[in-house]
Amino acid sequence: MSEDPSRITAMEVDTAFIKSKRGILKVAEMVTLFVAFVCFAVASRPKYIAATVLEFVITSLLLLLYLFKLNKRLTFFFWPLVDAFNSVFAAVYFIVLSLLAATTYTVTGTLVGGIFGLVFAGLMCVDSFVLFKNITFNQPRSEINTVNNEH
């Protein structure tokens, strides 16, 4: 009962992604979310904790998707567009959530968590801008690159 060696595929780690602008941006998003989570946890604010944990999990899964090149294997979604929509919705949601936390705080941890939430929202805005700029619809990449290089 030996396994067929042609069926065994190794997980390939894309170390270039972590060193790229998008990889650094994803790691920065996760760090700010973690700090916001710790602040909300210290302040004992369950609603804010749940929101930060949920977005931390989503961002972690997207990072792992790109890090292990699973986006090339799981082709039933156009992952950059999924990532872009997540970035836009998370940015809007965290702007509202963080402003609410910062303006109605009773504990300093809630204020600091709200500030880090706003920083996270800013990072998500940058991430969505970069993603939408790089997504091409109905045009080959070579055409887009030559058009962008001419201007």
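**Close-up views of a predicted model**

**View 1. Buried residues of helix α5.** In α5, the buried residues are W79, D83, A84, N86, S87, A90, A91, F94, L97, S98, A101 and A102. Buried means under 20% relative accessible area, exposed over 50%, and partly exposed in between (1.4 Å probe, protein chains only). Helices are DSSP runs (H or I, at least four residues), numbered from the N terminus. This is a predicted model: local features need pLDDT of at least 70, side-chain atom pairs count only at pLDDT 80 or more, and totals for chains, interfaces and linings use all residues. Residues are numbered from 1 along each chain as its sequence is written, and side-chain values use heavy atoms, with hydrogens and water left out. The buried residues of α5 pack against α2, α3, α4 and α6; contact means heavy atoms within 4.5 Å. From first C-alpha to last, the 25 residues of α5 reach 35 Å, close to the 36 Å expected at 1.5 Å a residue. The expected span is 1.5 Å times one less than the number of residues.

View 2. Rings of Phe, Tyr and Trp (its six-membered ring) pair if their centres lie within 6.5 Å; planes under 30 degrees apart count as stacked, over 60 as edge-to-face and the rest as tilted. The count comes to 10 aromatic pairs. In one of them, F76 and W79 have ring centres 6.3 Å apart and planes at 70°, so this pair is edge-to-face. F94 and F120 also form an edge-to-face pair, at 4.9 Å centre to centre with 75° between the planes. This pair links distant parts of the chain: F94 sits in helix α5 (residues 79–103) and F120 in helix α6 (residues 108–134), 26 residues apart. Both F94 and F120 are buried.

**View 3. The cluster of F76, F77 and W79.** Ring pairs link F76, F77 and W79 into a cluster. F76 counts as exposed, because its relative accessibility is 60%. W79 is buried, at 13% relative accessible area.

**View 4. Helix α3 and its surroundings.** Helix α3 (residues 46–67) has 22 residues, which should span 32 Å at 1.5 Å a residue; its end C-alpha atoms are 31 Å apart, which agrees. Its buried residues include Y48, E55, L63 and Y66. The buried residues of α3 pack against α1 (15–19), α2 (21–43), α4 (70–73), α5 and α6. K69 follows α3 and has a positive phi, near 55°.

**View 5. Arginine over a tyrosine ring.** R22 lies over the face of Y66, at 5.0 Å from the ring centre. A charge sits over a ring if NZ of Lys or CZ of Arg is within 6 Å of the ring centre and within 35 degrees of the ring normal.

Methods:
Helix = DSSP H or I, 4+ residues; strand = E, 2+ residues; numbered from the N terminus.
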